[in-house]
Every structure is written in structure tokens, then in C-alpha cells.
Amino acid sequence: MRILMVTEFYHPHIGGVEVVFQRLAVGFLKKGHKVMVVTTKIPGTNAYEKINGIDVIRVKVLPLFHRYMFTFSAVFRVLKEARG
């Protein structure tokens with residue numbers, strides 16, 4: 001199965017939600033699923049990375065009202081990846 005996860009922040013950003021998403025992604029991967037995460041591009045990260053076998057796509061987000069801007073900025077990329 002292909003699993004697309006969408007979260008505002010992901011590893012290497014550290015926080016409770018990030019740890020939960022990372023553990024879920026690794027767990028799905030170990031069960032043989034293909035996992036992709038769409039998240040925010042933070043300083044020091046690339047727009048695309050493969051972390052422990054998980055495809056991580058990072059979208060640029062304006063820092064003003066970050067939470068709302070992530071949703072707006074990521075929606076088109078999420079739709080693109082969901083169709084694939």
C-alpha cells in the first residue's frame with residue numbers, strides 16, 4: 001500500500017507530533033508499505049529527502065501565520081502526490 005502522510009513539521013524538527021509521525025512512518029515501512037511525508041521545508045533541509053527509506057517532500061512556507069500557510073502551501077503538492 002502507498003501511504004501519504006501530511007504534517008506541519010517532520011524530522012529533523014523535534015516535537016511530540018514529529019516523533020509520532022516518524023514512528024508511524026517507520027512502522028508502515030517495516031510492514032512493506034511505501035511511505036511519503038509532505039511537510040514544511042525548514043532551514044538546513046532539502047526540498048526532497050529520503051530519510052530511513054521514507055520519501056520526504058518539503059514545501060516552502062511563509063513564516064507569517066505558519067500553521068495556516070502550511071495548509072495553503074501544501075494542498076497542491078498533496079493533491080499531486082495523492083493522485084500519483
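This is a predicted model: local features need pLDDT of at least 70, side-chain atom pairs count only at pLDDT 80 or more; totals for chains, interfaces and linings use all residues.
Residues are numbered from 1 along each chain as its sequence is written, and side-chain values use heavy atoms, with hydrogens and water left out. Local features need pLDDT of at least 70 and side-chain atom pairs count only at pLDDT 80 or more, whereas totals for chains, interfaces and linings use all residues.

Colleague: How many residues make up the largest nonpolar core?

Modeller: A nonpolar core is a set of buried Ala, Val, Leu, Ile, Met, Phe, Trp, Tyr and Cys residues joined through side-chain atoms within 4.5 Å. Buried means under 20% relative accessible area, exposed over 50%, partly exposed in between (1.4 Å probe, protein chains only). Members of the largest core include Ile3, Tyr10, Ala25, Val37 and Val56. The count is nine.

Colleague: Which strands each supply at least two residues of this core?

Modeller: Strands (E, at least two residues) and helices (H or I, at least four) are DSSP runs, numbered from the N terminus. The suppliers are E1 (2-6), E2 (34-40) and E4.

Colleague: Is aspartate 55 buried or exposed?

Modeller: Aspartate 55 also forms a salt bridge with lysine 50, at 2.8 Å. Lysine 50 is exposed at 53% relative accessibility, and lysine 34 is partly exposed at 43%. Aspartate 55 has a relative accessible area of 4%, which means buried.

Colleague: Why are glutamate 81 and arginine 77 separated by about one helical turn?

Modeller: The two form a salt bridge, with the closest N and O atoms 2.8 Å apart. An α-helix has 3.6 residues a turn, so residues three or four places apart point the same way. Glutamate 81 and arginine 77 are separated by about one turn because both lie in helix H2, four residues apart.

Colleague: Which residues form the nonpolar patch on the surface?

Modeller: Patches are made of residues with over 30% relative accessible area and no salt bridge; like charges are joined within 9 Å, nonpolar side chains (Val, Leu, Ile, Met, Phe, Trp, Tyr) within 5 Å. Accessible areas come from the Shrake-Rupley method with a 1.4 Å probe, and for residues only the protein chains shown count as cover. Together the patch has about 410 Å² of accessible area. Its members are Phe72, Val75, Phe76 and Leu79.

Colleague: Where is the cis peptide bond?

Modeller: Proline 12 sits in the loop between E1 and H1. Omega is near 20°. The bond runs from histidine 11 to proline 12.

Colleague: What is phi of asparagine 52?

Modeller: Asparagine 52 lies in the loop between strand E3 (48-51) and E4. Asparagine 52 is exposed, at 55% relative accessible area. Its phi is positive, in a residue other than glycine, near 55°.

How values were computed. A salt bridge is a side-chain nitrogen of Lys or Arg within 4 Å of a carboxyl oxygen of Asp or Glu.
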